[in-house]
Amino acid sequence: MRTILITGGAGFIGSHVVRLFVNKYPEYRIVNLDALTYAGNLENLKDIDTQSNYEFVKGDINDSSFVNTLFSNYQFDGVLHLAAESHVDRSISDPMSFIMTNIVGTVNLLNGARAIWSSNSDGKRFYHISTDEVYGSLGKSGLFHETTSYDPHSPYSASKASSDHLVRAYHDTYKLPIVITNCSNNYGPNQFPEKLIPLAIHNISTNKPIPIYGKGENIRDWLYVEDHAAAIDLVFHKGRDGETYNIGGHNEWTNIDLIKQLCKTMDSKLGRKPGTNEHLITYVKDRAGHDLRYAIDSSKIEKELGWKPSLQFEQGIEKTVDWYLANPDWLENVSSGAYEKYYDKQYNRR
Ligand code: NAD
Ligand code: TYD
């Protein structure tokens, strides 16, 4: 039986990856390590948490002695590292927590893996899940390739870029078996409502203004979260050692067009007159250092591993809206007092 560590498994993408691995690989023992920050929520996993090949460990990757003991006790065969501080706006107001978790936390895990795999690393793998934001911002044309130079602009993307460099350095220096993926913006069920799509769904449902930064002309390449989880499964099992793979949706939208599409979908789902929700769109002060455009060339993972996105955006958005409307308690629970305070601070900043 292989013992696999998944970090950040109570978060948005991590919970989809944990579910996929627990269900698909009964022969693996899946250990989910998560600190349960504001973004971690064990409710995301209540459908699989009693399965015999699943175990949850609450702990902080910033605590090196805890991490070393964990690796020594469990003797992991593989690591999928998703734990991170992940929201750009929070990185602007509180960069240090991003430096600690995304950089120092990643190095603690690398050290833990190195300690137990130094004598024999056959069949072992440290998989670091990263973001396309490390590449910086594109103009109106062009795509991010695996060879694009790093040019991060926010404390979030700079911290992820640092961690990517450190993971590669451990491969080159200590021969740690690693693989990295850089993925575009994800959307889908269980995403915390501070990110654009769930924030807009939440605000439309409750008739609150939908804040659009600047003129809404920034472009993101959106991928349904289960398609990302499927790519992660493929790369973990079939990706080549030391390689980087870009993952993206071939699905570019300006923020304003995306929100208008979402408003339309939700007019019909909520039985509102066409055009009702668009009145909620409110332009607010732009994000500092706001990257104009992200777009991914994912031909390497498509050609080498046969991955491609399975859902059209219209289907993915409909599934996402349906999930949020069917799970008002989930939204209510995560939109607790602490989140309300963050929201007020963030959107009363003008
Ligand atoms: P998320 O914020 O929803 O979840 C992060 C999880 O990490 C939470 O469960 C949190 O409790 C946990 N965590 C945070 N600090 C921790 C610590 N110190 N110790 C242990 N656990 C800790 O994030 P997400 O959107 O699911 O992103 C997961 C990963 O994927 C991140 O590494 C992110 O950079 C990357 N990524 C995200 C996107 C996206 O669009 N969301 C796109 C590409 C890559
Ligand atoms: P976000 O979901 O925070 O992801 P990222 O910054 O990692 O791409 O934001 C997606 C886009 O939406 C980004 O261009 C910023 C913009 N945005 C808004 O216009 N309003 C908002 O309230 C939020 C959270 C984001």
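Predicted model: local features only at pLDDT ≥ 70, side-chain atom pairs only at ≥ 80, totals over all residues.
**Close-up views of the two ligand sites**

Figure 1. Strand β5 gives the largest share of the shell around ligand 1, with 3 residues. Elements are DSSP runs numbered from the N terminus (helices H or I, at least four residues; strands E, at least two). Ile13, Asp34, Ser86, Tyr156 and Lys160 come nearest among the 29 residues around ligand 1, where near denotes a heavy atom within 4 Å. By class, the shell around ligand 1 comprises 13 nonpolar, 13 polar and 3 charged residues.

**Figure 2. Polar contacts of ligand 1 (pairs of N or O atoms within 3.5 Å).** A polar side-chain atom of Asp60 lies 2.9 Å from a nitrogen atom of ligand 1. Backbone N or O atoms also approach ligand 1: that of Gly11 lies 2.9 Å from an oxygen atom, and that of Ala35 lies 3.1 Å from a nitrogen atom. The protein covers 96% of the 840 Å² of accessible area (Shrake-Rupley method, 1.4 Å probe) that ligand 1 has on its own.

Figure 3. Oxygen atoms of ligand 2 lie 2.5 Å from a side-chain N or O atom of Arg287, 2.7 Å from a polar side-chain atom of His290 and 2.9 Å from one of Asn185. Ligand 2 alone exposes 510 Å², of which the protein buries 97%.

**Notes.** Residues are numbered from 1 along each chain as written, with chains lettered from A and ligands numbered from 1 in written order. Local features need pLDDT of at least 70 and side-chain atom pairs pLDDT 80 or more, whereas totals for chains, interfaces and linings use all residues; side-chain values use heavy atoms, without hydrogens and water.

Technical notes: Polar contact = N/O pair within 3.5 Å; in protein donor to acceptor, adjacent residues only side chain to side chain. Nonpolar A, V, L, I, M, F, W, Y, C, P; charged D, E, K, R; others polar.
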